[in-house]
Amino acid sequence: MFYKKYFLFDEEVEIMLPSILTAATTPFPLQYYWTSQDEKITVYITRGGSMDATEEFDTRLNEYYKRFGRDFSRFVCNHIAKRKINGRSYGEMRYTSYMMGYPFFTIFLLGTYKARELLILIQHVGNEFEEDLHIFENVLDSVKIARNC
C-alpha cells in the first residue's frame, strides 16, 4: 500500500495517509477530511478550542470520554493512553460505538497546536476494523509537528 504525505495548517503539521483515502471537502475552516471509496474509513483533523497547557490533556480527555459515553449508544472504551509525537504528549482514546445499527471503531487523538486543541479522529465503520489496525497505527506514527508550534 502506498502512502501520501500531506502538510496541514500552513505546512506545520505533517501526516501520511494511505492511498486508499482521498481528500473530501468540508464546510468547516481549519478542518481536513479524507475518506475511502467505500466510506468505511475516514480521517478528520481539526483544531478545536483553546488549550494552553499540556497538563490539560487528562481533564480534556476525561471530558470527551464522558461526552462520548453519554452521546453515543453502546459506547465501549477499549484503550486510553498517552502517545508521544515529536516529544509532545497526546491523549489517545480508542473506542467502539453503535450508531444507526452498525459499529464504529474510532481512534481519537487529542493534543495541542499553537495553544489550541489538535484533534485527529480515525474511524472505521463495520466489524472488520482489526484488519486495518496496522494502517491506523502507521497514520498515527506518521504525524509530525513543526518544532516552533
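Leaving aside its neighbours within four places in sequence, which residues is Leu140 in contact with?

A: This is a predicted model, in which local features need pLDDT of at least 70 and side-chain atom pairs count only at pLDDT 80 or more, while totals for chains, interfaces and linings use all residues. Residues are numbered from 1 along each chain as its sequence is written, and side-chain values use heavy atoms, with hydrogens and water left out.

Leaving aside neighbours within four places in sequence, Leu140 is in contact with Arg83, Glu92, Arg94, Ile107, Leu109, Ile120 and Ile122, where contact means heavy atoms within 4.5 Å. Leu140 lies in helix H2; helices (H or I, at least four residues) and strands (E, at least two) are DSSP runs, numbered from the N terminus. With a relative accessible area of 2%, Leu140 is buried, a word that stands for under 20% relative accessible area, whereas exposed stands for over 50% and partly exposed for values in between (1.4 Å probe, protein chains only).

Helix H2 covers residues 133-142, and its buried residues are Ile135, Phe136, Val139, Leu140 and Ser142. They cover an arc of only 165° around the axis, which puts them on the same side of H2; the arc is that of the directions from the helix axis to the C-beta atoms. An α-helix has 3.6 residues a turn, so residues three or four places apart point the same way.

Glu14 is found in strand E2 (residues 13-18) and is buried, with a relative accessible area of 16%. In the loop between strand E1 (3-8) and E2, Glu11 has a positive phi of about 65° although it is not a glycine, and Glu11 is exposed, with a relative accessible area of 62%. Asn86, in the loop between strand E6 (76-85) and strand E7 (88-99), likewise has a positive phi, of about 50°, without being a glycine, but Asn86 is partly exposed at a relative accessible area of 29%. Most residues other than glycine have a negative phi.

The side chain of Glu117 makes a polar contact of 2.5 Å with the side chain of Arg60, and another, of 2.9 Å, with that of Tyr64. A polar contact is a pair of N or O atoms within 3.5 Å; within protein, one must be able to donate a hydrogen and the other to accept it, and residues adjacent in sequence count only if both atoms are side-chain atoms. Not counting residues up to four places away in sequence, Glu117 touches residues including Thr46, Arg47, Met51 and Leu110.

Tyr64 also belongs to a cluster linked by ring pairs, together with Tyr65, Phe68, Phe72, Phe75, Tyr95 and Phe108. Rings of Phe, Tyr and Trp (its six-membered ring) pair if their centres lie within 6.5 Å, and planes under 30 degrees apart count as stacked, over 60 as edge-to-face and the rest as tilted. Arg47, one of the residues touched by Glu117, has its charged end over the ring of Phe9, 5.9 Å from the ring centre, while the charged end of Arg74 sits over the ring of Tyr98, 3.9 Å from its centre; a charge sits over a ring if NZ of Lys or CZ of Arg is within 6 Å of the ring centre and within 35 degrees of the ring normal.

As for the whole fold, the protein has two helices and 10 strands, and its elements run β-β-β-β-β-α-β-β-β-β-α-β from the N terminus on. Buried residues make up 48% of the 149 residues, and residues 24 or more positions apart account for 47% of the contacts with a separation of 6 or more.
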